[in-house]
Amino acid sequence: MSDEQEYEQRPFRSRNSRMHEKPRGRFSFGRSSHNKGHKKPKAVENVTIDQRETSRPVDVKPIDNQYTPKFNMEHSAVKIRAEHVSKRFEMLQTRSDKLKALFNFRQRNQNYFWSLRDVSFEVLEGQTVAIVGLNGSGKSTLLKAVSGFIPITSGSLDVNGAVSEISVNAGLRTNLSGRDNIYLRMYMSGFTKKQVNERIGEIIEFSELGKFIDQPVKSYSSGMRSKLGFSIMIQTDPDIMIIDEALSVGDSTFAAKSFAKIQEFKERGKTIFFVSHSDSQVAQIADKVIWMHYGQLIEFGDTKVVLSKYQRWQRNFAQKPKASRRRYMQNAKRKQAQFDPAVVSDDTPLVNLDLSPKEQRRAFLFGTARSNLDQIHFGVVNWAIVGGLIGLFMAVSLYSIQVASQTRNAAAIENAKILKKRELDKQKRSDQDRKKDAVESSMDSMIAPSVDDAPAYVAPTVPAVTPSVSSSSSQAVVPTPVTPPANDSNNSQPPVDNSNSDSGTNSDGDNMDSGAASPTDGNNLEH
Amino acid sequence: MNSLIQVLIEQIKNHQIAQRIVKYDRRSSSQDYYLGQVWEIINPILQVSVYFLMIFMGLRSYSDRAGGSWGFLSWMLVGMGVYRFISQTINVGSKAVKRQLGIAAKMNFPLSIAPQISLLSNLLPLYVLVLLGVGIRMYAHLSVHINLIALAYYFAAAVLFAYGMALLLSTLVIIVPDLSPLIGTALNMGMWLSGVIFPVESMSPVLMDILQLNPTYYLVYGFRNTLFGNEAAFNINWDNMTILFWTITLIILMVGSHLHLKFKSQFSEYV
């Protein structure tokens, strides 16, 4: 399939918004929005010719008034391709408004601010592109969108390759030392310890930090921070470098060194994307310049041409009286708030034929800001699984509570029985003790008579001793403090016990034995 | 389910990276102390000592537990080790994505391993406390059963549960930042409700039945039962609790990974 080969050749990391994408089935499972950019060729039977053509390369006859991606370029050379990129920020007062906006699909919020309006450009491999423009014209937003930090609202933005961004505070941990930050950032970029150890000398040398490298970064000046950030970034060897005004912080020697390094990168075919307010810097490094103006791309072209135009405009603008300048800016800001991507980008129908009528309506009504969220569905199967799990949870928890209460009740009954029995035991034992005392006292009184009379005393003791057997059986079942009283009467018991088990003919003793064998010794209590 | 698998694969793939970062992550959180990372171990031990003095010496109510004071101390240490591992992972992990977001966006760093990093950095106190508990028990000549399979099972269960909670809450905290103080309070409460400090059996029986549904109870008592093997109430209801634990964990993991992937590209808009 030529189609498939074509697709494999484009390893774009894509952050297309919904508009340029095939609608995905409601039943599809969630997939990362970063990996899903490649439009898979649909099964031919399922689609009409018209639908297929939107996603096919250019050799198919384009339908009038329909946007067809220019996929016939040399794919490998294009590093960043932005097509009609717009970025809308919602000007909400509080966080709760933000939350409401997230869940409120009906109401359309009017407080928008379009930071990027219909920006299209293409950056080839090995190019260095500078973005110039006034403050607040969307330069940093564009960089952030390219680096993937913020999602775009509409249009499509394909970035091909690993991106590394550096800004003045390039994500350094301020309470770690410079050296630790080097390790941390290199590790985060996926380097191993060995690789970092190989490079760390070079990084420290390039950063010119010297002894300060072991000081916490919070003690660094902004120049030192950006120097460190830049030194780390060039060693992580990204395909696309994104530099946000970080070059203007260092001193001129460091700047010269950086430029040399950037030249080296350019020769190696790396793409550099940077923002600078220094025209001389731009003229020195950049091949091409993007002139941003209140969210719109005014011109994209060779450095000399665009930069001279931009400088001319700046001079003119600076000469104008203050009031008219302010009026101009206010006007521009108002336009930025009222921008409608449907009106501006004529050749990109906001309502793409790829979308179902319902989705078209929705895209038209609500914009596409929320469509990124919709891309990952919680599929029916997932709902079923979660529902089943919740049901199982409820059932088992109820069941286990019920079982626990039942066992508890049973245990309570058991306990009550044991207590009752213990009381009975106590009573009987005290009886027995009394009798034993009586026997002993009688024995004391009978020391004088002969030993032959002794059996006469044994006979009455037999019924009196039997309770001690029942007490020992209750001990076997429940290890509760019945032991101490049993120990007290230990001295006299063992011989008597034996005599009892020997005298099996005794009906009373028989009963006791069976009671000890059966688990429900509560029967014993009945009599 | 697909997002769960995707997230788990991401975890395994980037495990090496996470392991390398842990050291610096820990260091950055304890950089200002003279004792540095030693506090990670001292702190829970101090906590246990305070509770031990308070309850054992002061209230003197659980001295009849098997093993007397040493037994109770080791019982508490293991419970505290397990619970602290879970609660710290959830607490730190729920803020981890927010914290790493600024750096992560500037390089190709998978955000879903941020909770894994906080999980790994909390493993050391768990090991130390459990070993200490076992050591004390051995010193007191009390029985210790070391069943490695059961230990591995409860360890895996604890890791999955803690990771799932951290992943779910890290997404929710970005969308609704007000949750983060609530998480701290809930985790504090959870310590008392999962029988870390005093046995759940000593509470009212109805409360105990309900508390047994709590997944942290399952983990805390699972570890204790494996090591010391005298948790009768736990053993009776083990099968039901196992089903409950894995149901909850699976739900948390599924919803957490789904929300994470769904909101990943939008995170920066909410920070």
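Let me begin with the pairing of strand E2 (residues 78-90) of chain A with E5(A): the two run antiparallel and are joined by five bridges, where strands are DSSP runs of E of at least two residues and helices are runs of H or I of at least four residues, both numbered from the N terminus, and where two strands pair if DSSP finds at least two bridges between them. Before I go further, please keep in mind that this is a predicted model, in which local features need pLDDT of at least 70 and side-chain atom pairs count only at pLDDT 80 or more, while totals for chains, interfaces and linings use all residues. Residues are numbered from 1 along each chain as its sequence is written, chains are lettered from A and ligands numbered from 1 in the order in which they are written, and side-chain values use heavy atoms, with hydrogens and water left out.

Which residues stand opposite each other across these two strands? In E5(A), A:Ser154 is the residue opposite A:Ser86, and A:Leu157 is the one opposite A:Ala82. E2(A) also pairs with E3(A), again in the antiparallel sense, and here over nine bridges; within that pairing, A:Ile80 has A:Val123 of E3(A) as its bridge partner.

As for burial, I use buried for under 20% relative accessible area, exposed for over 50% and partly exposed for what lies in between, with a 1.4 Å probe and protein chains only. Strand E5 (residues 154-159) of chain A has six of its six residues buried, so it is largely enclosed by the rest of the structure. Likewise, 11 of the 13 residues of E2(A) are buried, so E2(A) too is largely enclosed by the rest of the structure.

Helix H11 (residues 322-338) of chain A has 17 residues, and from its first C-alpha to its last it reaches 25 Å, close to the 24 Å expected at 1.5 Å a residue, the expected span being 1.5 Å times one less than the number of residues. Which residues of H11(A) are buried? They are A:Ser324, A:Ala332 and A:Gln336. These residues cover an arc of only 120 degrees around the axis, which puts them on the same side of H11(A); the arc is that of the directions from the helix axis to the C-beta atoms. On the other side of H11(A) we find A:Lys322, A:Arg326, A:Arg327 and A:Gln338, which are exposed.

One backbone detail in chain A deserves a look. A:Glu208 is not a glycine, and yet it has a positive phi of about 60 degrees; its place is in the loop between helix H6 (193-207) and helix H7 (222-236), and it is partly exposed, with a relative accessible area of 36%.

For chain A as a whole, there are 20 helices and 10 strands, and buried residues make up 44% of its 527 residues. Its accessible surface comes to about 27100 Å², of which 55% belongs to carbon and sulfur atoms, the areas coming from the Shrake-Rupley method with a 1.4 Å probe, and for residues only the protein chains shown counting as cover. With contact meaning heavy atoms within 4.5 Å, 73% of the contacts in chain A between residues at least 6 apart in sequence join residues at least 24 apart.

Turning to chain B, its secondary structure consists of 13 helices and zero strands. Of its 271 residues, 61% count as buried, and its accessible surface is about 10700 Å², with 68% belonging to carbon and sulfur atoms. Among contacts in chain B with a separation of 6 or more, 78% are accounted for by residues 24 or more positions apart.

An unreviewed UniProt entry lists several spans of chain B as "transmembrane region", including residues 151-176 and 243-261; positions are given in the numbering used here, feature names are shortened, and such annotations may be inferred rather than shown by experiment. In the model, residues 151-176 of chain B are 96% helix and 0% strand, and their end C-alpha atoms lie 36 Å apart. Residues 243-261 of chain B are 100% helix and 0% strand, with 27 Å between the end C-alpha atoms.

How many residues of H10(B) are buried? The count is 13 of the 13, so H10(B) is largely enclosed by the rest of the structure. After H10(B) comes B:Gly229, whose phi is positive, near 60 degrees.

Finally, B:His141 also has a positive phi of about 60 degrees although it is not a glycine. B:His141 lies in the loop between helix H6 (123-139) and helix H7 (148-175) of chain B, and it is exposed, with a relative accessible area of 72%.
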